[in-house]
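Good morning, and thank you for coming.

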Amino acid sequence: MRLLIAMMMHETNTFSPVPTDWARFEDWGLHRGDEIPEALAGTNMPIGAFLDLAKEARAEIVTPIAAEAMPSGPVARATYERLVEAIVEPAARGGIDAALLDLHGAMVTETTPDGEGTLLAELRRVAPGLPIACATDLHTNLTRAMVENATAMIGYKTYPHVDMYAVGEQIGRVLLRALDGQVEPVMAWGQAPLLAQTLRMGTDDTPMRGLQAMTRSEEAAGALAATLFGGFPLADIHDAGVSAVVVTDGDQAGAEAACTRLLDAAWAVRDDFVYNHEPLAEAVARANSIEEGPVLLLDHADNVGSGGTQDVMTVIREVRRQGLRDVAVAAVWDPEAVRKMQEAGVGADVTLALGGKTEMPSVGLAGAPLEISGRVRSLSDGTWVVRGPMYTGITVSTGPTAVLESEGMKIVVVSQHHEPWDVGIFTSNDIDPAAEHYLILKSRIHYRAGFAPIAKATVTCDGEGVTTSDNSVLRYVQVRRPIYPLDQFG
Ligand SMILES: [Zn+2]
């Protein structure tokens, strides 16, 4: 048996000005051929599970490409074409028995709003009837093309995504059993007219905790896989929003019924998917009064992991204005500032125009650097290995990295975008996050994977940026209407 195993992952924020080209995939992780088992076997990723399953089944593997980029704007045309070509080419050559694909589910490119559906349709065009299993992100914006061109699909049930391997293994086994003739997967899918906010999708919280429990109940009751996607709302595409897909063993009516149950349940709690705002100054003042740290300050409107530019200084500026001390920040993207600190050297005093290098026309924001003086505390190459529960075992690179210390604040400054979901972003730069009173994190939910265990309190800070949870500053044109909460339902 020959299995095609590949990964193509990008969560596209159509409001983000950050370009997504081949180099951005190389920055996060782009592997080809034999490098893939070497780099990704043993990791907590769906592709890690696919590689293990292939070994267990004594299958020959064809691993053309495994590529992931940090979330950002639409994927460049040439980059997308290269990715698709790499995955499709071995299938077109023939001799492939099935494909196991580790995808994101919310990829938008310059040429299509549905990067995954378009890839799958192309695979099926060159290899009609090819059995294909996909594991996708909880933030998938599910489309008809994805479902119609796959044999079996599943999404993560956790956010932060700590079950990537588990869902990969689950859907991989479904496909292997189907190849053996033990099961006959059929799928039902649907969408709710609901644009849920990412900040309200944490699976330890209401409403996702209960909804994900329902998916597990559907599986306990016999579904081969049941998934409720929160969707990715920072994509102005027709299919953005909440959806569900259920795989059963030959029971189409059962799959339809389970899918409807999941969508109805999500719709019933639609108000819980809406984030309630708090003025930034009030949130920071509230944080200032919390005596026991670390207190996490979430700069969620500039969440790198959803396409944020990671250089909006609004929250940092307010925290300094109110005089909070013992603050560590992960992280500000500013390669130019890193270069200046490298030139100055560790221990040197520097004055910088920090951050604010990126214009954000989609939300009417201009880049606004922060004038800041301080001391270069450390310099590093920004490479470290994740030990926490999310992306465990993956080598991370934030590019050349420096820490600026100024008025009770230690700011990690990076050259490559990186969402702080693991304490390694601090510890690899000689900062003990547990010893700080405040941690400003440019993250929304994923920070919980690494930081929830040490946090004494969390304050959500409504700053500015292209990952804002304020729908009024996002101009939606393409998304299907009516959709809640952009539209009210009677
Ligand atoms: Zn996600």
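**Buried residues and what surrounds them**

Let us begin with helix H5, in which Gly 115, Glu 116, Gly 117, Thr 118, Leu 119, Leu 120 and Leu 123 are buried. Please keep in mind that this is a predicted model. What covers the buried residues of H5? The cover includes strands S1 (2-9), S5 (98-103) and S6 (132-136), together with helices H4 (77-93) and H6 (144-148). As for length, H5 runs over residues 115-126, twelve residues, which at 1.5 Å a residue should span 16 Å; the C-alpha atoms at its ends are 17 Å apart, in agreement with that.

I turn now to the nonpolar cores. The largest one has 103 residues, and Ala 152, Met 153, Ile 171, Val 246, Val 247 and Cys 259 have the most contacts inside it. Helix H7 (residues 164-179) supplies the largest share, eight residues. Where does this core lie? Domain 1 (2-273) and domain 2 (280-468) both contribute residues, so the core lies between them. Setting aside neighbours within four places in sequence, Val 247 touches several residues, including Ala 152, Met 153, Val 174 and Pro 185. Another core, of 53 residues, lies apart from this one and has Leu 298, Val 423, Phe 451 and Cys 461 among its members.

Finally, consider Ser 443, in the loop between strand S19 (438-441) and helix H14 (448-451). Is Ser 443 buried or exposed? Ser 443 has 29 C-beta neighbours inside 10 Å, and therefore counts as buried. Beyond four places in sequence, its contacts are Leu 298, Asn 303, Gly 305, Glu 419, Pro 420 and Trp 421.

How values were computed:
Residues are numbered from 1 along each chain as its sequence is written. This is a predicted model: local features need pLDDT of at least 70, side-chain atom pairs count only at pLDDT 80 or more; totals for chains, interfaces and linings use all residues. A nonpolar core is a set of buried Ala, Val, Leu, Ile, Met, Phe, Trp, Tyr and Cys residues joined through C-beta atoms within 7 Å. A residue is buried if 20 or more other C-beta atoms lie within 10 Å of its own, exposed if 12 or fewer, and partly exposed in between; C-beta atoms are placed from the backbone. Helices (H or I, at least four residues) and strands (E, at least two) are DSSP runs, numbered from the N terminus. Domain bounds come from an automatic or database domain assignment. Two residues are in contact if their C-beta atoms, placed from the backbone, lie within 7 Å. The expected span of a helix is 1.5 Å times one less than its number of residues.
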